[in-house]
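Hi everyone, thanks for coming. Let me put today's structure up on the screen, and then I'll walk you through it.

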Amino acid sequence: MMLDVDIRARVGSFTLEAAITAAQGEVLAVLGPNGSGKSTLLGAIAGHLDHAGRHSEVTGRITLGERVLDQSVPPERRRIGLLGQHTTLFPHLSALDNVAFGPRAQRVNRDQAAEIARRHLSDVGLSDLADRRPAQLSGGQRQRVALARALAAAPDALLLDEPFAALDVQTSAQARRLVSELRDRISVPMVLVTHDPMDAVMLASRTVVLHEGRIVQQGSTREVLGHPNSPFVAAIAGVNLVSGHAGPDGALQATGNGASTVGPLTRWVGRGDRLGAGQTGTAVFSPSAVRIHAASEAPGSDAVPNTWTGTVAHLEATPGGVRLFTAEHPEIAVECSSMTAVEAGVRPDAVLVFSILEHDVSVRRSP
């Protein structure tokens, strides 16, 4: 059972062109900013756009296993479950009756539908809350009921549209674990739309990045998030990407991601591809992998690979720490804990030395 999509979808003046596949038991993550086409993609797969009126249109091919899901197949006959960040449970029904709604709509008798609902509520850990209505449940509990409802309809594929966005940190972590367990148990294709790269890291074997209605990178999650192919994807992944060409010693002489660099040329070495003199390439590293040193404790000079001196130009608060940028290399973000910032003397206009261990840098040869 594979979900295979190759479509062109129009909604008003916006057009999406995308080709994706999700295999049986696989989670495919779809990342991108607001307006990139993520929800349009799910709407097209679920069949909602085909029946949304004259302002939308879907052309191309969608297959699920041996079935072709064209305009003649309405959403309720596609056997595709859809779970969004807003649960849209029926407020007048109990959790049990909400979950039983799908089987009942498929003409399963009342007693059998209730048994199916109890089983799926048990799977999400809510057997003891079966009689409660949505208003009596927490946000995380409502999301679990919504997931149980989607699964009770025995879908051949499952679409998850920002399912953790409305949850707090602890509840979203629990929901991710639940989806991870279900992925291994129900073995259907799953497409997870998210703005959070951590969702892809924890759940998806492959990742697609959308931008302005087009796929700009796709592949294994490790490759896409571990070594983005453009500054845009690097920003989505939350990593630094610098580009340049190799010097005589094979070190990448980089000027950043296209931004103007006013400081001395940085030189990068790391794991991955070996570059020959003159070859172009990119280096990728996490902002949190950068080590900060007071100028008096500098590990070397700017001539040492993966090391540079910079003047703090901009500071931003992060949970438990700070993110900073230097005047010399404004395209490179550096993150550290509050304690590290205090010990290193991080403050506006401070001159500091920055370094990264070689194994924390990924180097790739440009195509």
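I'll start with the overall picture and then move on to the salt bridges.

Before that, a word on where things come from: this is a predicted model, local features need pLDDT of at least 70, side-chain atom pairs count only at pLDDT 80 or more, and totals for chains, interfaces and linings use all residues. Residues are numbered from 1 along each chain as its sequence is written, and side-chain values use heavy atoms, with hydrogens and water left out.

Along the principal axes, the C-alpha atoms fill a box of roughly 75 × 45 × 35 Å.

How much of the chain is buried? Of the 367 residues, 49% are. Buried here is under 20% relative accessible area, exposed is over 50%, and partly exposed is in between, with a 1.4 Å probe and protein chains only.

Now contacts, meaning heavy atoms within 4.5 Å. Take those between residues at least 6 apart in sequence: 66% of them join residues at least 24 apart.

On to the salt bridges. The rule is a side-chain nitrogen of Lys or Arg within 4 Å of a carboxyl oxygen of Asp or Glu, and by that rule we get 15.

Have a look at Arg206 and Glu26, whose closest N and O atoms are 2.8 Å apart. Arg206 sits in strand β9 (206-211) and Glu26 in the loop between β2 (14-22) and β3 (27-31), so this pair ties together parts that are 180 residues apart in sequence. Arg206 is partly exposed at 23%, while Glu26 is buried at 12%.

Next up, Arg267 and Asp249 form a salt bridge at 2.3 Å, N to O. Here Arg267 is in strand β13 (266-268) and Asp249 in the loop between β11 (240-246) and β12 (252-254), so the parts being tied together are 18 residues apart in sequence. Arg267 is buried, at 19%, but Asp249 is exposed, at 52%.

One more pair: Arg323 and Glu316 meet at 2.8 Å, N to O. Both partners are partly exposed, Arg323 at 24% and Glu316 at 30%. There's also a network, where salt bridges with shared partners join Arg8, Glu17 and Arg214.

That's my tour, thanks!

Definitions and conventions:
Helix = DSSP H or I, 4+ residues; strand = E, 2+ residues; numbered from the N terminus.
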